[in-house]
Structures are given as structure tokens and as C-alpha cells.
Amino acid sequence: VKGRNGDHLMRIPFECELCHFRNLNKRDPMLGDRKDGFTLMCLRRAFLDAMWSRETDTVIGNLRRIQRDYSDTSRVVNIGNCLPIMGNPEVRDRIGMGPAIM
């Protein structure tokens, strides 16, 4: 299971399990620590479950629609780049990964 092109547009911002770990614990995982390793595994599973809760055809269709709308709109108005940016410089659990791994 892996992320698909367009998943980040489906209201779940993409962040790797390392970033989710840092958001939850305000530190890096300790290499060799079983609890940290298990937490990383749970975070990856929860995040992929959240991403894959949408059908692939839905993700692809929404991506194509957004691309088409953005192209059409940029021909008539100045909007800059208004699409979601992947990643987040703020360290906090903003999408609920803590409760997701409980």
C-alpha cells in the first residue's frame, strides 16, 4: 500500500510517520526503542488507512477535476498557487493521529 497521486487533495494532508511521531511526541524516535518502533508502525498503518478510505477512482477523478478547474480558472483570474502544500512546519497533531493509533 502506498500513497497515490492526489491523496493529499482529499482533506488528509500528507505527512510521513516520522513527522506524525514528532507531532505527537515533540521528539525524534529513539533508534532501537521497541515502543517507538511500534508507534511508527501504528502511525503508518493509521495514516494509510485514512488515505485509502477513499476509492482510487475517486482520488484520480478528484485530482483530474482539480487540475482542470485550476487550469480553467488561471486563464481568467490571478490566483497564484492556492493548492494544498504537502508537509507542515508546525509541530502538532492536527489531524488526530494520536487517537487513530489508540
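User: Which helix of the protein chain has the highest confidence, and which the lowest?
Analyst: In the protein chain of this predicted model, helix α4 (residues 97-100) has the lowest confidence, at a mean of 80. The whole chain averages a pLDDT of 81, and 87% of the residues score at least 70. Where pLDDT is low, the predicted coordinates should not be read in detail.

User: Is Lys26 buried or exposed?
Analyst: Lys26 sits in the loop between α1 (17-25) and α2 (34-51). Its phi is near 55 degrees, a positive value in a residue other than glycine. Most residues other than glycine have a negative phi. The relative accessibility of Lys26 is 55%, and exposed means over 50%, so Lys26 counts as exposed.

User: Is Thr39 buried or exposed, and which residues is Thr39 in contact with, leaving aside neighbours within four places in sequence?
Analyst: Thr39 is part of helix α2. Its relative accessible area is 18%, and the cut-off for buried is under 20%, so Thr39 is buried. Leaving aside neighbours within four places in sequence, the contacts of Thr39 are Phe21 and Ile101.

User: Which residues form a nonpolar patch on the surface together with Ile79?
Analyst: Ile79 lies in the loop between α3 (56-74) and α4. With 33% relative accessibility, Ile79 counts as partly exposed; a patch takes residues with over 30% relative accessible area. The patch has about 250 Å² of accessible area together, and the residues that form it with Ile79 are Val76 and Val77.

Methods: Residues numbered from 1 in each chain as written. Predicted model: local features only at pLDDT ≥ 70, side-chain atom pairs only at ≥ 80, totals over all residues. Heavy atoms only, no water. Helix = DSSP H or I, 4+ residues; strand = E, 2+ residues; numbered from the N terminus. Buried < 20%, exposed > 50% of the residue type's maximum accessible area, 1.4 Å probe, protein only. pLDDT = per-residue confidence, 0-100. Patch = residues over 30% accessible without salt bridge, like charges linked within 9 Å, V, L, I, M, F, W, Y side chains within 5 Å. Areas by Shrake-Rupley, 256 points an atom, 1.4 Å probe, with all protein chains shown as cover. Salt bridge = Lys/Arg side-chain N within 4 Å of Asp/Glu carboxyl O. Contact = heavy atoms within 4.5 Å.
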